[in-house]
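Please prepare a briefing on the side-chain contacts and the model confidence of the protein shown here.

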Amino acid sequence: MAKEIKKVGLLKDVDSNKKPAATSTTTSQATAGGATAVQTARSSAKAQPDAKSGGKFWLVVLISFVVLLVVFPKPELIVYRKMNIQASSIYWPGLFGRGEGLLDSNLQVSFDTGRNEMNLCFEAKSKTDCQTYTIDRRDGLVGVIGHLLQ
């Protein structure tokens with residue numbers, strides 16, 4: 001009562017004793033050609049997403065760079081003088097209000113843009129220990145890079 005199970009091999013004829021008919025030969029050739037076409041389509045489909053994912057990666061990197069430029073503070077090169085002595089320093093505005101100041105000094109910095117002056121104080125609360133300097137020029141990131149390269 002048990003059914004006999006026929007052994008079937010992949011990509012082989014079911015009966016090895018039979019000779020393939022002419023129609024089966026053309027069908028097998030068409031099937032082989034179709035398999036090649038399917039493999040070619042799969043390989044080209046794999047190549048296209050790779051190119052798209054590479055483009056997406058660079059787009060994400062570019063957008064991240066622009067966001068970082070907008071969000072994070074940028075340093076300034078400040079050229080200032082007092083009594084005909086001129087100096088230049090890099091001013092860091094701080095990140096979210098913390099850590100602002102001149103990179104080469106521990107003094108507290110405050111600006112008076114109306115008078116074009118800069119005050120350097122030992123303590124932020126006491127105005128008696130401050131030195132007032134006249135600001136000659138304020139440069140952006142390009143000026144900072146040029147100053148660092150000198």
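Cys121 is buried, and Cys130 is likewise buried, where buried stands for under 20% relative accessible area, exposed for over 50% and partly exposed for anything in between, computed with a 1.4 Å probe on protein chains only. The two residues form a disulfide with their sulfur atoms 1.9 Å apart, the term being applied to a pair of cysteine sulfur atoms within 2.5 Å. This is a predicted model, in which local features need pLDDT of at least 70 and side-chain atom pairs count only at pLDDT 80 or more, while totals for chains, interfaces and linings use all residues. Residues are numbered from 1 along each chain as its sequence is written, and side-chain values use heavy atoms, with hydrogens and water left out.

**Disulfide**
- A search of the whole structure finds one disulfide.
- The torsion about the S-S bond of Cys121 and Cys130 is about 105 degrees, so the disulfide is right-handed.

**Aromatic pairs**
- Rings of Phe, Tyr and Trp (its six-membered ring) are paired if their centres lie within 6.5 Å, with planes under 30 degrees apart counted as stacked, over 60 as edge-to-face and the rest as tilted; by this rule there are three aromatic pairs.
- Tyr80 and Tyr133 have ring centres 5.2 Å apart and planes at 70 degrees, so their pair is edge-to-face.
- Because Tyr80 lies in strand 1 (residues 76-82) and Tyr133 in strand 6 (residues 130-139), this pair ties together parts that are 53 residues apart in sequence; helices (H or I, at least four residues) and strands (E, at least two) are DSSP runs numbered from the N terminus.
- Both Tyr80 and Tyr133 are buried.
- Tyr91 and Phe111 also form an edge-to-face pair, at 4.9 Å centre to centre and with 85 degrees between the planes.
- That pair links distant parts of the chain, since Tyr91 belongs to strand 2 (residues 85-92) and Phe111 to strand 4 (residues 108-112), 20 residues apart.
- Tyr91 is buried at a relative accessible area of 6%, whereas Phe111 is partly exposed at 26%.

**Charges over rings**
- A charge sits over a ring if NZ of Lys or CZ of Arg is within 6 Å of the ring centre and within 35 degrees of the ring normal.
- The charged end of Lys82 sits over the ring of Tyr133, 5.6 Å from its centre.
- Arg138 lies over the face of Phe111, at 4.4 Å from the ring centre.

**Confidence**
- The mean pLDDT (the predictor's confidence in each residue, from 0 to 100) is 77 for the protein, and 68% of its residues reach 70 or more.
- Where pLDDT is low, the predicted coordinates should not be read in detail.
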